Amino acid sequence: KWRETLAALKTASTYLPDRADIITDIGFVQERMGDENAAIACYRRALQSDAHLPLAHLNLGALLVRRGIIEEAEEHLSAALSSDTTMSTALVNLAMLHDVADRRNEVIPTYDRLLATQPDHIYGHFQRALALLCQEAFPAGWEEYLWRFRRPETQTLHNMFSIPFWQGELLVG
């Protein structure tokens, strides 16, 4: 119900026009509705009200990574991480930024930084696996790639089969 949510947030912002969190939420909804330009404008406006709001920095940084605006995206992701050095979404986006910016030597260490504080972060392991495989670190990459089975969308697919996962045993018989 994005339209209804957007209407409610816009109503709230008429009463509290300088609340950066409300402006950030409006941007998030606009982003989900496909209006990235409006979302960017909201995130920038939110940061004018509160220059230290981690969520506005995170959301703006992630959007800018997708658009390939690397330098500014990195500034915003770094700002988000300065308030919370273990913010998983910011670290994942920072790793993606390194990949897009062709800084391949920084991708794995960024995922390692995430996994040092959140060792069970499924998406972090999965993305790290893909990065390892792209760097032709095949043994480590394939081992890490097993985390794909823990992703909720993958589990439903693989739960449809009654046969157990292969554990490397001989397939005789």
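Helices (H or I, at least four residues) and strands (E, at least two) are DSSP runs, numbered from the N terminus. On that basis the chain has ten helices and zero strands, and its elements run α-α-α-α-α-α-α-α-α-α from the N terminus on. This is a predicted model, in which local features need pLDDT of at least 70 and side-chain atom pairs count only at pLDDT 80 or more, while totals for chains, interfaces and linings use all residues. Residues are numbered from 1 along each chain as its sequence is written, and side-chain values use heavy atoms, with hydrogens and water left out.

**Overall form**

The chain has a radius of gyration of 20 Å, well over the 16 Å that the globule rule gives for 173 residues, so it is more spread out than a compact globule. The radius is taken over C-alpha atoms, and the rule is 2.2 Å times the number of residues to the power 0.38. The C-alpha trace spans about 70 × 35 × 25 Å along its principal axes.

Of the 173 residues, 39% are buried (under 20% relative accessible area; exposed is over 50%, partly exposed in between; 1.4 Å probe, protein chains only). The accessible surface of the chain is about 10500 Å², and carbon and sulfur atoms account for 56% of that surface (Shrake-Rupley method with a 1.4 Å probe; for residues, only the protein chains shown count as cover). Among contacts (heavy atoms within 4.5 Å) between residues at least 6 apart in sequence, 37% join residues at least 24 apart.

**Aromatic rings**

A search of the whole structure finds three aromatic pairs. Rings of Phe, Tyr and Trp (its six-membered ring) pair if their centres lie within 6.5 Å; planes under 30 degrees apart count as stacked, over 60 as edge-to-face and the rest as tilted. Two of the pairs are tabulated here.

| Pair | Centre to centre | Angle between planes | Class |
|---|---|---|---|
| F126 and Y145 | 5.9 Å | 25 degrees | stacked |
| W142 and Y145 | 5.6 Å | 75 degrees | edge-to-face |

F126 lies in helix α8 (residues 122–134) and Y145 in helix α9 (residues 138–145), so their pair ties together parts that are 19 residues apart in sequence. W142 and Y145 are three residues apart in helix α9, which separates them by about one helical turn. F126, W142 and Y145 form one aromatic cluster.

**Charges over rings**

A charge sits over a ring if NZ of Lys or CZ of Arg is within 6 Å of the ring centre and within 35 degrees of the ring normal. R151 lies over the face of F126, 4.1 Å from the ring centre. The charged end of R150 sits over the ring of W147, at 3.9 Å from its centre.
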